[in-house]
Amino acid sequence: DYLHQLTARDRQQIDAYLGTGNAHGAAVGRLSYFLNWQGPSLAIDTACSSSLTAVHFAARSLRARDCDRAMVGGVNLILAPELSINLSQAGMLSPTGRCHTFSSEADGFVRGEGCGVVLLKRLSDAQSDGDRILCVIRGSAVNQDGRSNGLTAPNGLSQQAVIRSALADAQLEPHDIDYIEAHGTGTALGDPIEMGALQAIFGPERESAAPLQIGSVKTNIGHLEGAAGIAGLIKVCLSLEQGSIPPHLHFEHPSPHSDWNWPLQIPTALTPWSPGERPRRAGVSSFGFGGTNAHVIVEEAPRVPSAEEPEGPQPLLVLSAKTATGLTAQAKQFAQAITELPTRDLAYTAAVGRTHFAHRLALPLDDRQHAHQQLTQFAGGQETGPELLHGEAPR
């Protein structure tokens, strides 16, 4: 849309930066340039399944050791009306302004805007580096509808195939999956086809005591088109972290075009998803209107037993600011944080995660309560002990 607006101007206004500012390849190139990353750098366009397809290929690059970390994102901005008019003329947009996914009121989708980015690493590397792991990608797959009922018509057999391939890649069975983050656009054509594909895979061996949970983030934030897949992935990661599935909205009456006589549940209220005897797992689906389908299997992060802070030399908290007033404000913030967060993590982030300015403070964190007291006194302009050093560093 942005490029369309620029090229709609008088041609005399086109400058040297039109290409490097708008080409898809230049967009990802800019990120690699800024970060000085030299591994695979590419833009993927499979329409609505673009960002989840990108996750699939990023995971493949990590497995092949083409790279050691991968930043994967999706973005969608609506800056011009032409595409919305086109989708409206095709009967794809909801006149009610809601995504009624899997509902009898399904009448189209709502366009949404947003940007989502995830950072991927091999699990063994993340564990050895001590990273905070939100979830694990167990497996993924991508396929194409081929010649179906139409270019934009979904293909239920291809949807089944891509999910089966992702399960095989993850070395899992259908009964190992607790939740499906569906593509679920809210159209009368697409929803029943997707539900039928899910029933064919997960229905036969499903126990009624453990129904498959099915939802779609599109009922919450709309259809982010190229960024829809990454939005669904982030929703699942947050659901695993928080131990609950957010409500699937606008589902008052189930669609009469789908079979509901198998063990499934649409979570229309905040639904607990607590850890159990085995890892919690979910599948994320994203289907492009050009026929490219993607499915990613996500598993909860490995459980790490809680432990006390390790013994050894106590960390040193170093704070700095451009002004004395700013340093006082820093001390007040960290006085509160030091009562809530691990002291080693706090000291590490303050030391290596921030630029150091002239007005500085240093304090050993050998005693949490004493450090809190010293920072509070400093922030209040009171006298502190000799262990808290502060001053202005020369250039």
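## Disulfide

A disulfide is counted when a pair of cysteine sulfur atoms lies within 2.5 Å. By this rule there is one disulfide. This is a predicted model: local features need pLDDT of at least 70, side-chain atom pairs count only at pLDDT 80 or more, and totals for chains, interfaces and linings use all residues. Residues are numbered from 1 along each chain as its sequence is written, and side-chain values use heavy atoms, without hydrogens and water.

The disulfide joins Cys135 to Cys237, S to S 2.4 Å. The pair links distant parts of the chain, 102 residues apart: Cys135 is in strand S3 (135-144), Cys237 in helix H10 (228-242). Helices (H or I, at least four residues) and strands (E, at least two) are DSSP runs, numbered from the N terminus.

## Burial of cysteines

Buried means under 20% relative accessible area, exposed over 50%, and partly exposed in between (1.4 Å probe, protein chains only). Cys135 is buried at 18%. Cys237 is buried at 11%.

Cys99 is buried at 2%. Its sulfur is 11 Å from the closest cysteine sulfur, in Cys48, so it is too far for a bond. Cys115 is in no disulfide; the nearest cysteine sulfur, that of Cys237, is 15 Å away. Cys115 is exposed at 59%.

## Strand S1

Val75 is found in strand S1. Val75 is exposed, with 54% relative accessibility. Val75 touches Gly114, Cys115 and Ala227 (heavy atoms within 4.5 Å), not counting residues up to four places away in sequence.

Met71 also lies in strand S1, residues 69-76. Met71 is partly exposed at 39%.
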